[in-house]
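Trainee: Hi! Could you walk me through this one while I have it open?

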Amino acid sequence: MSQPQTATLAADDITLAHRQFVVAENLSLHLPTAQVTAIVGPNGCGKSTLLNGLARIHTPKGGSVLLDGKDIHRLPSKEVARKLALLPQDNTAPEGLTVADLVRFGRQPHQGWMTQWSKEDQRAFDQAIQAADVAGLADRALDTLSGGQRQRAWIAMAVAQQTPLLLLDEPTSALDLGHQIEVFELIRALSGQGKTIAMVVHDLASACRYADHMVAMKNGTIIEEGAPAEIVSPELVQELYGVSCDLIHDPATGSPLLVNVRRNP
Amino acid sequence: MPDKRNALVNTALLGLLVLATIISLATGTVQVSLFDTLRALAGNADPITDFVINELRLSRVIAGLLSGAALAMAGCLMQTLARNRLATPGIIGIDNAATAFAVASVVGVGLSLAPSAMALAGAAAATAIAFGLAGANGTRGYRFIVAGIGIGAIAGAVTQVMLSRVAIDAANAAYPWTVGSLNARSGQSVLVLGMGLAAGYLVLMSLSRALNTLQFTDAVAIALGTRLKATRIIGLGLSVMLTGLAVSVCGPVGLIALLAPELARALCRPGKVPLTAAALAGASFMLIADLLGRTLFAPLEIPVGIITAIVGSPYLLWILLRPSPRSLT
């Protein structure tokens, strides 16, 4: 498997804004290599903005995002796309596009001006549809698939990019429990192959269970960062979401579990 | 990835275009057999046939072919950039503005520029204004289209005012432009269009992968390594150039830009911007519409722009009224 070398991604004191409105200020973050990082926090805390900033979708007003130590906005876009893949939240596709068509787009950063589809491309394509378990759906149009199948197809596209870094914006937001677990386990498997992954996750419990590293955000700043078992506490939950809870450890996996979640008295 | 379906579609459309070209050449007041037409093209027909085909008709057919292809490609491109099927240069006022400028040069508003240059200037001006009025969303979103419609209306009115203020001979000379016709072409404009089309096509082919990614959201396009700003600027520039040059030859036959890409999109595989197929379809449409205009009520000639409007308008209504309008492609 020609999984490319590793690559590092970091934010150095970045300020992100939508038009004039500053969403997040002075964020610094380094994604731990070959681990899964979960970015959590309440609605509107800037977690998706941070992810999009890391993926160079938004240009920071200040500071810089560093890919292998170099400013990501100064690198050729194609070179970046060979190192960093993104699964955005809003992923509409042209009508009638099949899963195979979509996954082939993932090879685009590796293709030259006039170069044809290579053996290397075919291999990456096959691996991606295997990994995301969409081989059986390859010829189906995306608009005929269920939400979970469609999400797996998009993940397959990102996997076909064969990047050492993978960013996912709420990869399980529209999925039922079964499909959520499927996607999270796929993410774990990919990180097991050496990919560095960052994802925005809404559900704190899933973040605890599937992430190695957690970044907790509130009002555009990072308030806590570290392994879930070390940083998740009733106090953190109180600060993030304004609710009270008790904390126990999952007897099966040892990851933190929130129980008895309630509004503040 | 070998793409059999699109290659097949392009071959079929090319066949249609060749057929339309030969029939267009053969048909007219003097009817020439298809065989004699081909002989004349090969250069060994009798002098009279040779004159009718190569001197009288060929230049008109070439003008129609090139302008149809250019309008269709410009439309396909603009629709992709705006991610909206309605966003063709004709609808967002670029045709009308190019026409207004071209008419100005014909009726002699003091500027003695060639129609090509004037039409280009008009097209560029309209786009720049629409772009400015659209605000931060650029070509995406309805503001661009609505602003363009307004500019098109103003440009149309300006054309009418100019025609009503000049001597009747000058107005007559400029009139074909206002409805779209292959009668008013100048050899020079056709030549400039041919060169622009060839150059534009080459640039677009080199950009085709990047253009394909514009069918997704911006985030996906960027993630796939597309240089979004550069691709948009080049695409918009080419769309404006092709429209301006085509209008300087045939006037605002805008609906070609709506119909041809639609046919191309229906035939080709989804996920690719069908520029070649659209160009071939547009060239065929223009020739067929011109042929109908010349023959239906002969010896009376109906301008090609009116034929495409009669065929195209119901289609435009259908796009606007169909039950679940989905975004482009």
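Trainee: Great. What kind of model is it, and what ipTM and pTM does the predictor give the complex?

Mentor: It is a predicted model. The predictor gives the complex an ipTM of 0.90 and a pTM of 0.86.

Trainee: And what is the mean pLDDT of chain B?

Mentor: Chain B has a mean pLDDT of 83, with 92% of its residues at 70 or more. Over residues 324–329 of chain B, though, the pLDDT is below 50. That stretch still has 13 contacts in the model beyond near neighbours in sequence.

Trainee: Let's go inside. How many residues are in the largest nonpolar core?

Mentor: It has 182 residues, and those with the most contacts inside it are Ala156(A), Ala70(B), Ala72(B) and Met73(B). Helix 3 of chain B, residues 47–82, contributes the largest share of this core with 17 residues.

Trainee: What is Ala70(B) in contact with, leaving aside neighbours within four places in sequence?

Mentor: Ala70(B) is in contact with Leu193(B), Leu197(B), Leu242(B), Leu245(B) and Ala246(B).

Trainee: And Ala156(A), which residues of helix 4 of chain A sit across from helix 5 of chain A there?

Mentor: Let me set up the helix pair first. The axes of helix 4 (residues 119–131) and helix 5 (residues 147–160) of chain A come within 8 Å and cross at roughly 145°. Their crossing is right-handed. Helix 4 of chain A brings Ala124(A), Phe125(A), Ala128(A), Ile129(A) and Ala131(A) to the contact, and helix 5 of chain A brings Ala156(A), Val159(A) and Ala160(A).

Trainee: How many polar or charged residues are in that contact?

Mentor: None of either class: the contact has eight nonpolar residues, no polar and no charged.

Trainee: Switching topic: is Val99(A) buried or exposed?

Mentor: Val99(A) counts as buried because 28 other C-beta atoms lie within 10 Å. As for Leu142(A), 43 residues away along the chain, its C-alpha is 6.0 Å from that of Val99(A).

Trainee: Where is Ala207(A), and what does that residue touch?

Mentor: Ala207(A) is in helix 7 (residues 204–210) of chain A. With 26 C-beta neighbours inside 10 Å, Ala207(A) is buried. Not counting residues up to four places away in sequence, Ala207(A) touches Ala38(A), Val40(A), Val201(A), Met214(A) and Pro228(A).

Trainee: What about His213(A): buried or exposed?

Mentor: His213(A) is buried because it has 20 C-beta neighbours inside 10 Å, and 20 is the cut-off. His213(A) belongs to strand 9 (residues 213–218) of chain A. Pro32(A), Gln35(A), Thr37(A) and Ala227(A) touch His213(A), residues up to four places away in sequence not being counted. Thr37(A) and His213(A) are 176 residues apart in sequence, yet 4.6 Å apart C-alpha to C-alpha.

Trainee: Last topic, backbone angles. What is phi for Glu170(A)?

Mentor: Phi of Glu170(A) is near 45°, a positive value in a residue other than glycine. Most residues other than glycine have a negative phi. Glu170(A) lies in the loop between strand 7 (165–169) and helix 6 (177–192) of chain A, and it counts as partly exposed with 18 C-beta neighbours inside 10 Å.

Trainee: And what is phi for Arg83(B)?

Mentor: Phi of Arg83(B) is near 50°, also positive in a residue other than glycine. Arg83(B) is in the loop between helix 3 and helix 4 (94–107) of chain B. Arg83(B) counts as buried because it has 20 C-beta neighbours inside 10 Å.

Key: Residues numbered from 1 in each chain as written. Chains lettered and ligands numbered in written order. Predicted model: local features only at pLDDT ≥ 70, side-chain atom pairs only at ≥ 80, totals over all residues. pLDDT = per-residue confidence, 0-100. Contact = placed C-beta atoms within 7 Å. Core = buried A, V, L, I, M, F, W, Y, C linked by C-beta atoms within 7 Å. Buried ≥ 20, exposed ≤ 12 C-beta atoms within 10 Å, placed from the backbone. Helix = DSSP H or I, 4+ residues; strand = E, 2+ residues; numbered from the N terminus. Axes fitted to C-alpha atoms, helices over the stretch in contact; angles between N-to-C directions. Left-handed = near helix turned anticlockwise from the far one by under 90°. Nonpolar A, V, L, I, M, F, W, Y, C, P; charged D, E, K, R; others polar.
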